[in-house]
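Take a look at the model below. Begin with one chain, then turn to its partner.

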Amino acid sequence: MTLVQPLSSPPLKLDTPRLAVLHEAYRDAVRAKRWRSVLIAVCVAVGIAVSAVSAEVDLGKLFTNIDKFSSYIGRLFVLESGQMVWTDPVEWYWGLQRWLSLLGETLLIAYVGTALGAAAGIVLAFLAASNVSPHPVVRAVTRRYLEFCRTFPQLVFALIFVIAFGLGPLPGVLAIAIHTMGALGKLFFEVVENIDMKPVEGVAATGASWPAVVRIGAFPQVLPNFVSYTLLRFEINVREASVMGFVGAGGIGQDLIEAIRKFYYADVSAILVLIIVTVALIDFGTERIRHRLIDAGTSA
Amino acid sequence: MSTTVEAMRRRYPDVFVPAWRRNRAMLAVLAGLVALFIYGLAALGFLHPRMIDGLGKLASVFVMMLPPDPGSVDRAIIYLKALGETLAIAFLGTLLGAALAFPLGFLAARNATIGRVVRFLTRRSLDTLRGVDVLVWALIWINVVGLGPFAGVLAVMTSDIGSFGKLFSEAIEAADKRPVEGVLSTGGGGPHRVRFGILPEVLPVMASQVLYFIESNTRSASIIGIVGAGGIGLHLAEQIRVLEFQHVAFIIILVLIAVAAIDWLSTRLRLGLIGTRRVATA
């Protein structure tokens with residue numbers, strides 16, 4: 001049988017028995033796919049049912065009280081005097097000076113935490129990357145350590161550090177630094193594993209020590225990516241630092257949770273707007289720098 | 001013709017200037033950053049004697065954590081139940097968030113939206129949802145449905161709508177144009193375009209993002225109890241406050257195992273869904 005029909009002959013017509021075989025095969029394929037979808041759907045449904053019981057989901061309560069949600073959001077924008085907040089910005093931001101200084105502290109916590117974490121992450125990344133690591137045991141230990149540091153939520157570290165160092169920004173910085181080290185260390189060593197090894201071999205061939213090989217052979221290649229990831233992390237850390245105050249670890253979070261707990265609605269919205277605007281500005285700024293860095297990195 | 005280093009240095013003095021001296025602006029920025037860092041260390045209490053004290057206390061806290069021990073079987077069962085609650089919060093919150101973000105993702109995507117004003121408004125609302133921390137959402141939902149894990153589910157859901165909406169819209173915008181053109185060329189309308197041109201391509205990406213978020217939400221769900229919204233965070237914060245560090249260590253190990261298990265499972269499922277293709281997250 002020829003697979004390609006000459007153009008002059010009429011189009012290939014399959015006889016009914018052959019067509020039936022193909023049709024059956026097609027139906028089987030569709031059926032298998034459908035069974036798979038049903039299986040996934042059943043698994044998800046069972047998961048939802050079990051989770052709903054465990055998480056005490058109560059739709060009745062949600063629907064009878066849903067008006068409380070909208071009225072809560074509504075009250076956020078009403079001053080004590082009953083006016084809407086934007087009619088009297090001075091009254092809305094009565095505590096602007098205090099909030100700005102707390103916001104400054106939050107940014108400083110995020111900055112110092114990011115810097116400490118990134119510095120430690122850079123060192124650990126070169127120990128953990130399989131192509132430049134000095135020893136396989138060092139590599140394995142470093143990787144497990146980074147994993148532990150990034151798996152654990154920062155707020156839990158902060159809670160423990162508050163016990164050790166007392167209330168204040170110090171435990172917040174340390175918690176952010178440890179988590180940042182874990183998260184950036186992983187991203188960094190993945191970057192290092194993707195570098196061009198020829199410069200590294202060149203420096204090693206001159207008899208240079210391990211720090212010199214890393215500094216001269218590997219570091220210049222990875223710097224733009226490192227800076228880019230660090231900037232991204234800084235933005236995340238500003239968000240994290242803004243809730244560190246919830247557990248007494250400094251920053252604007254302590255005033256935020258106090259306002260929420262004591263139902264100072266206008267203050268809640270004032271602080272939230274401050275945080276959202278700050279994070280958006282940092283997001284915008286770091287993204288522009290990152291794009292320039294990445295463009296410079298790819299064109300070089 | 002002499003090619004000694006000295007001769008080259010005389011001929012091309014610019015090339016021999018150290019790199020840092022060529023880039024004064026960068027140097028100034030770096031100096032500023034270092035100065036800010038040192039100021040930060042001083043202002044935040046790193047140079048205070050309390051720092052040394054604290055390190056000693058931290059060491060004793062770690063000693064007190066050993067060996068990890070829940071105290072009694074009853075406590076262990078309570079902690080395991082709370083861990084189950086945490087997983088339930090993460091699972092339900094992520095699914096609900098994804099379900100609600102699904103239509104919003106289309107409204108926020110340039111190639112699938114129904115109008116520029118709609119797209120702008122959707123994007124700004126998603127930004128706001130994302131900008132408020134999940135702990136704040138938890139505190140707000142506690143006012144609506146009371147203390148407990150249900151508030152945690154709703155909080156994770158609310159903050160995930162923002163994240164998923166953004167990620168979904170980016171996935172839709174990155175979709176290949178040609179299937180859509182194909183559908184339009186056969187006379188398909190708006191709904192057909194989305195159903196047959198865009199959906200088959202973006203659905204696996206979305207599913208993989210949902211799986212990734214279930215894992216990262218397990219972490220957020222494990223702290224959401226600190227403000228009273230259910231899960232193991234409540235016990236964790238309580239045991240830290242009463243200085244029962246052996247219990248704390250036990251809970252920490254439980255959470256680590258749970259996160260590692262979810263991580264393994266979600267990575268396997270994601271690879272099954274999309275092969276080894278990397279998916280944008282965060």
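This is a predicted model: local features need pLDDT of at least 70, side-chain atom pairs count only at pLDDT 80 or more; totals for chains, interfaces and linings use all residues.

Chain A is built from 11 helices and has zero strands. Its order along the sequence reads α-α-α-α-α-α-α-α-α-α-α. The radius of gyration of chain A is 29 Å, whereas the globule rule gives 19 Å for 300 residues, so chain A is more spread out than a compact globule. The C-alpha trace of chain A spans about 90 × 75 × 40 Å along its principal axes. Of the 300 residues in chain A, 36% are buried. Take the contacts in chain A between residues at least 6 apart in sequence: 70% of them join residues at least 24 apart.

Now the contact between the chains. Chain A gives 43 residues and chain B gives 46 residues. On the chain A side, helices that each supply at least two residues include H1 (16–54), H4 (96–128), H6 (154–165) and H11 (265–299). H6(A) provides the largest share, seven residues.

Chain B carries annotations from a record. An unreviewed UniProt entry lists residues 25–47, 89–113, 134–157 and 245–265 of chain B under "transmembrane region". Consider two of these spans in the model. Residues 89–113 of chain B are 80% helix and 0% strand, with end C-alpha atoms 31 Å apart. Residues 245–265 of chain B are 100% helix and 0% strand, and their end C-alpha atoms lie 30 Å apart.

Note on methods
Residues are numbered from 1 along each chain as its sequence is written. Chains are lettered from A and ligands numbered from 1 in the order in which they are written. UniProt positions are given in the numbering used here, feature names are shortened, and annotations may be inferred rather than shown by experiment. Helices (H or I, at least four residues) and strands (E, at least two) are DSSP runs, numbered from the N terminus. Two residues are in contact if their C-beta atoms, placed from the backbone, lie within 7 Å. The radius of gyration is taken over C-alpha atoms; the globule rule is 2.2 Å times the number of residues to the power 0.38. A residue is buried if 20 or more other C-beta atoms lie within 10 Å of its own, exposed if 12 or fewer, and partly exposed in between; C-beta atoms are placed from the backbone.
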